[in-house]
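Please look through the sequence and the structure shown here, and then read the report that follows.

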Amino acid sequence: MSTRVRWEDIALQHSHRYTCGYCGGDITSNSGYSEVAATNSVPIGTIYVCHNCDCPTYIRGDKQWPGAKLGTSIDNLPQDILSLHNEIRDATAAGANTAAVLAARKVLMHIAVELGADEGKNFTVYVDYLVDNHYAPPNSKSWVDKIRQVGNEANHEIVIMGPTEAANIIKFIEMLLLFNYEFPAGDEPEGDVVAAGQ
Ligand SMILES: [Zn+2]
């Protein structure tokens, strides 16, 4: 527990390791509040407090709220892309993977147009543009094929996306964002920033 804030009546809990959905830290916490059944005091859940950022995470069984965000922070993004990238990552922490994939597609199309693709094309055209112009790493064909598949459904269809689809497209757009915004600015990427395929 830091000295920045004090949680009232916090108590020792069973140690639990989790990825904090606020600060992204891989932490083990034993501080928090226990939730027990009113009738027989059987343990049900625990609110753990992160010792990195002081924020609370509710854990019940194998579920966690907020969940761990997918992806990583990237420096030097323009404000609109930064906002959308943060929304995408927050959506994954909330389990809103379909919303994350839809927003990630939007970012991917935006990047492709910034890199010279024609406007008004569909998602698959933009993925192909990025691959054909060598913005995707070598030997990434199976990975890119999976990303292409998430853009194949017709506009009227509703296809619910899972964490795997979200993770694939987020990796892809983060690689593009790193090479096109963070690296050109001359900053070193953070230690945990590793674009897939490197
Ligand atoms: Zn934290």
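Domain bounds come from an automatic or database domain assignment. By that assignment the chain is divided into domain 1 (11–65) and domain 2 (79–185), and the C-alpha centres of domain 1 and domain 2 lie 33 Å apart.

Residues are numbered from 1 along each chain as its sequence is written. The model is predicted, so local features need pLDDT of at least 70 and side-chain atom pairs count only at pLDDT 80 or more, while totals for chains, interfaces and linings use all residues. The predictor's confidence in each residue, pLDDT, runs from 0 to 100; the chain averages 88, and 90% of the residues score at least 70.

Which residues are buried in helix 3 (residues 123–132)? They are Tyr126, Val127 and Leu130, where buried means that 20 or more other C-beta atoms, placed from the backbone, lie within 10 Å of the residue's own. These residues cover an arc of only 100° around the axis, which puts them on the same side of helix 3; the arc is that of the directions from the helix axis to the C-beta atoms. Their cover includes helix 2 (97–114), helix 4 and helix 5 (163–182).

Methods: Buried ≥ 20, exposed ≤ 12 C-beta atoms within 10 Å, placed from the backbone. Helix = DSSP H or I, 4+ residues; strand = E, 2+ residues; numbered from the N terminus. Contact = placed C-beta atoms within 7 Å.
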